[in-house]
Amino acid sequence: SVNRRGKFAFSFGPITERNADGTTTDIQGRIAGAFNDARTRLTGVWRLTVVEHDVAGAVTDTCDSGLVNWKAKQ
């Protein structure tokens, strides 16, 4: 939801997916942004992180989008 000041934020995770081969994948992300005063333009940041684990639980791979800036206009 967007607050009175035109800002919003949402995050999720980590969510653990159990794979058929016994490994797991943890996924988490967040997005935040704000409208300009005229509410015709949005700017914000987005990030997604995925961590792969082997059967024993050891981390085997990590993927991180880093902080991504984005813009949208009407």
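How does arginine 39 count by its relative accessibility: buried, partly exposed or exposed?

Tutor: This is a predicted model, in which local features need pLDDT of at least 70 and side-chain atom pairs count only at pLDDT 80 or more, while totals for chains, interfaces and linings use all residues. Residues are numbered from 1 along each chain as its sequence is written, and side-chain values use heavy atoms, without hydrogens and water.

Arginine 39 counts as partly exposed because its relative accessibility is 41% (buried is under 20% relative accessible area, exposed over 50%, partly exposed in between, with a 1.4 Å probe and protein chains only). Arginine 39 is in the loop between strand 2 and strand 3, the latter covering 41-53 (strands are DSSP runs of E, at least two residues, numbered from the N terminus). Its phi is near 60°, a positive value in a residue other than glycine. Arginine 39 also lies over the face of phenylalanine 35, at 5.3 Å from the ring centre (a charge sits over a ring if NZ of Lys or CZ of Arg is within 6 Å of the ring centre and within 35 degrees of the ring normal).

Strand 2 itself spans residues 24-35 and holds threonine 25. Threonine 25 counts as buried, because its relative accessibility is 8%. Leaving aside residues up to four places away in sequence, threonine 25 touches several residues, including Ile15, Val50 and Glu52 (contact means heavy atoms within 4.5 Å).

How values were computed:
Helices (H or I, at least four residues) and strands (E, at least two) are DSSP runs, numbered from the N terminus.
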